[in-house]
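Reader: I have the sequence and the model open side by side. Can you walk me through it a piece at a time?

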Amino acid sequence: MRRRRHDIVQLIILSVLGGAVVLTLLLPRLPAEQSAGETTEISVILREGDSALWPNIRLGMEQAAGELRAELRVLTPAEINDGGEQLRILRREVEGETDVVIIAPADPAGLDRALREEAVHQPVVSMESALSEGKVTVAPDNRALGQALGEAVIEDGAGDGFVLLVSASPETAGVTDRLAGASEALAAAGTKVREREVSIADGGEGLKTLMKHPDLSAVLVLEPLLTEEAAAIKVGLGLTVPLYGVGVTAEGASYLQQGVISAAAAWSDFAAGYLAVEAAVCLSRGEEYRTELLPFFIVRGEDVYEPAYQKLLFPVTA
């Protein structure tokens, strides 16, 4: 029998978490007088251009930019997770004398090497994956997030088959940390695990083949884009295998409510975007900036429209 998934203590924690995020956003740490100087030019370099994945991050960035006198230039590679093109974009922005860079690295190791060898003088704020050469990282504890997802699978009963762990960004440290955390939690419970990589560029064919395996007891997808793709495949093929994922968009919330996705790990994208810009503005002025790990939570279909989750997942700005 399942444990109660969301008791009173959890709801209190979520309510406090939602309030803390709202207060963080309403009361920026930069004093008002500091935002009255020259406009800060920020180059934002993402891993992918899919509009479904970044709207709340961009809302948070735009909110902070408006309050802190920053100008955003959002750039994406033509191909998803193209670390080489990301690096070319970075070089172009650095040569153009941008004040500061925010980047969601497709290839953290290669980017770190380039930052070190090319002595980039502009501060770099990293999202999702930490960079040793970056000044600030805005991300949740990805290993703990993966562990929490693994525990959600165990809580629901993993069955006699194996749990499939799927990723599409093997070079991205944040994703590999989630994978490691989930694998550790499942292995500790004696659950059989198989790890597989798929390509985002194949139209879902690789993921579709994996999800049709007859011995699957659950599928755990470790990236937002793949989570939506896996949910669509599950519906299209009429599969019943439990599905767990990362990130909650408007479409993802619908899949959760329908029970297509059993549970998802999420955090406030709005807060992530806001804090990234706040850090960038602060660093561009030669000031230190410290940010804590973004809090995350496991959300299920019956909870997605509760007020505490709504504040975090679907913020409304003035």
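Reader: Start with Thr-191. What is Thr-191 in contact with, leaving aside neighbours within four places in sequence?
Author: This is a predicted model, to begin with. In it, Thr-191 is in contact with Ile-154, Ala-158, Val-163 and Leu-186, once neighbours within four places in sequence are left aside.

Reader: And where does Thr-191 lie?
Author: In the loop between helix H6 (173–188) and strand S7 (192–197).

Reader: Is Thr-191 buried or exposed?
Author: Thr-191 has a relative accessible area of 14%. The cut-off for buried is under 20%, so Thr-191 counts as buried.

Reader: You mentioned S7. Which sheet has S7 in its order?
Author: An open sheet of 6 strands, with the order S7-S6-S8-S9-S10-S11 and mixed pairing. S7 is an edge strand, and so is strand S11 (296–299); each pairs on one side only. Neighbouring strands are turned by 20 degrees against each other on average, direction ignored.

Reader: Which way do S10 and S11 run, parallel or antiparallel?
Author: Antiparallel, with 4 bridges joining strand S10 (residues 263–267) to S11.

Reader: How many residues of S8 are buried?
Author: 6 of the 6, so S8 is largely enclosed by the rest of the structure.

Reader: Which helix lies across S8?
Author: Helix H5 (residues 142–156) does. H5 also lies across strand S6 (162–167), strand S9 (243–246), S10 and S11, and runs at about 165 degrees to S9.

Reader: Back to Val-166. I keep seeing Leu-207 beside it. What does Leu-207 touch?
Author: Not counting residues up to four places away in sequence, Leu-207 touches Val-166, Val-198, Leu-226, Glu-229, Ala-230 and Ile-233. Leu-207 has its place in helix H7 (residues 205–211).

Reader: How far apart are Leu-207 and Glu-229?
Author: In sequence, 22 residues; in space, 8.4 Å from C-alpha to C-alpha.

Reader: Buried or exposed, that leucine?
Author: Leu-207 counts as buried, because its relative accessibility is 1%.

Reader: New topic, the other sheet. What is its strand order?
Author: S2-S1-S3-S4-S5, an open sheet of 5 strands with parallel pairing. Strand S2 (70–75) and strand S5 (136–138) are the edge strands, each pairing on one side only. The twist averages 20 degrees from one strand to the next.

Reader: How many bridges between S4 and S5?
Author: S4 and S5 pair over 3 bridges, in the parallel sense. Met-127 has Val-138 as its bridge partner in S5.

Reader: Which strands does helix H2 touch on that sheet?
Author: Helix H2 (residues 55–68) packs on the sheet and touches strand S1 (40–45), S2, S3 and S4. The direction of H2 makes about 155 degrees with that of S2.

Reader: Now H3 and H4. At what angle do their axes cross?
Author: At roughly 30 degrees, and the axes of helix H3 (residues 83–95) and helix H4 (residues 108–118) come within 11 Å. That makes H3 roughly parallel to H4. Their crossing is right-handed.

Reader: Which residues meet there?
Author: From H3, Leu-87, Leu-90 and Arg-91; from H4, Leu-111, Ala-114, Leu-115 and Glu-118. The contact divides into 5 nonpolar, no polar and 2 charged residues.

Reader: Which residues of H4 are buried?
Author: Pro-108, Gly-110, Leu-111, Asp-112, Ala-114 and Leu-115. What covers them includes H3, strand S3 (100–103), strand S4 (124–127) and H6.

Reader: And what follows H4?
Author: Ala-119, with a positive phi near 50 degrees.

Reader: Last one, the chain overall. How many helices and strands?
Author: 11 helices and 11 strands. Of the 318 residues in the protein chain, 51% are buried. Among contacts with a separation of 6 or more, 72% are between residues 24 or more positions apart.

Terms used:
Residues are numbered from 1 along each chain as its sequence is written. This is a predicted model: local features need pLDDT of at least 70, side-chain atom pairs count only at pLDDT 80 or more; totals for chains, interfaces and linings use all residues. Side-chain values use heavy atoms; hydrogens and water are left out. Helices (H or I, at least four residues) and strands (E, at least two) are DSSP runs, numbered from the N terminus. Buried means under 20% relative accessible area, exposed over 50%, partly exposed in between (1.4 Å probe, protein chains only). Contact means heavy atoms within 4.5 Å. Two strands pair if DSSP finds at least two bridges between them. Axes are lines fitted to C-alpha atoms, for helices over the stretch in contact, and angles run from 0 to 180 degrees between N-to-C directions. Angles under 35 degrees count as roughly parallel, over 145 as roughly antiparallel, 65 to 115 as roughly perpendicular and the rest as oblique. A crossing is left-handed if the near helix is turned anticlockwise from the far one by less than a right angle, and right-handed if clockwise. Ala, Val, Leu, Ile, Met, Phe, Trp, Tyr, Cys and Pro count as nonpolar, Asp, Glu, Lys and Arg as charged, and the others, Gly among them, as polar.
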